[in-house]
Amino acid sequence: MDNDLYGHINNVTYYSYFDTVANHYLIHEGGLDIHAGAVIGLVVESKCGYHAPLAYPDRLRAGLRVDRLGTRSVTYGIALFKEGEEEAAAHGYFVHVFVDRQTRKAVAMPERLREALGRLVVTLAPG
C-alpha cells in the first residue's frame with residue numbers, strides 16, 4: 001500500500017512514518033499509554049519536504065529530535081533516509097499537543113514523558 005501509481009511512496013505515507021517514529025519513542029521511552037492513559041498526544045500541525053523518491057521495499061531509517069519542548073506541547077524534527085544514504089529523502093516536523101483523553105483539553109505532559117523528550121532537544125543554529 002505504500003507505493004503509489006508512480007512507483008514511489010505516496011506523499012501522505014510520509015506523515016504516517018513521522019507519526020510512527022514519534023509514537024514509538026513516546027511509548028517505549030516516555031511511557032505513553034496510548035490505549036488507557038489519561039493523557040494523549042494530538043497532532044495539530046505538520047509539514048514535510050521531499051528531496052528524493054523512496055519506494056517499497058526500500059529499508060528506511062528515521063532521525064527524531066525535539067526542536068521545541070513546552071509543558072503541554074512538543075515540536076519534533078524528523079528526517080527519513082533510505083538505508084545506506086547520508087542525505088535525507090524527506091524531512092519535516094510535527095507538533096503534538098498533550099490533552100486529557102476524556103475532555104480533549106490541553107494538559108501538562110507527564111513528567112516521565114517530558115524527561116524522555118528532553119533527551120532529544122536540539123538547539124538549532126540561527127540562519
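I began with L69, which stands opposite V74 in β3. Strands here are DSSP runs of E with at least two residues, helices runs of H or I with at least four, both numbered from the N terminus.

The model is predicted, so I note that local features need pLDDT of at least 70 and side-chain atom pairs 80 or more, while totals for chains, interfaces and linings use all residues. Residues are numbered from 1 along each chain as its sequence is written, and side-chain values use heavy atoms, with hydrogens and water left out.

I looked up the pairing next (two strands pair if DSSP finds at least two bridges between them). β2 and β3 (residues 73-82) are antiparallel over 9 bridges. I read the order of the open sheet of 4 strands as β1-β4-β3-β2, with antiparallel pairing. β1 (39-50) and β2 (60-69) are the edges; each has a single partner strand, so one side of each lacks a neighbour in the sheet. I noted an average twist of 25° from one strand to the next.

Angles run from 0 to 180 degrees between N-to-C directions, with axes fitted to C-alpha atoms, for helices over the stretch in contact. Helix α1 (residues 11-28) packs on the sheet, touching β1, β2, β3 and β4 (90-100), at about 55° to β4. Helix α2 (residues 111-118) also packs on the sheet, touching β2, β3 and β4, at about 110° to β2.

Last, I looked at H96, which lies in strand β4. H96 has 1% relative accessibility and counts as buried (under 20%; exposed is over 50%, partly exposed in between; 1.4 Å probe, protein chains only). Not counting residues up to four places away in sequence, H96 touches residues including D19, N23, V74 and Y76.

Note on methods: Contact means heavy atoms within 4.5 Å.
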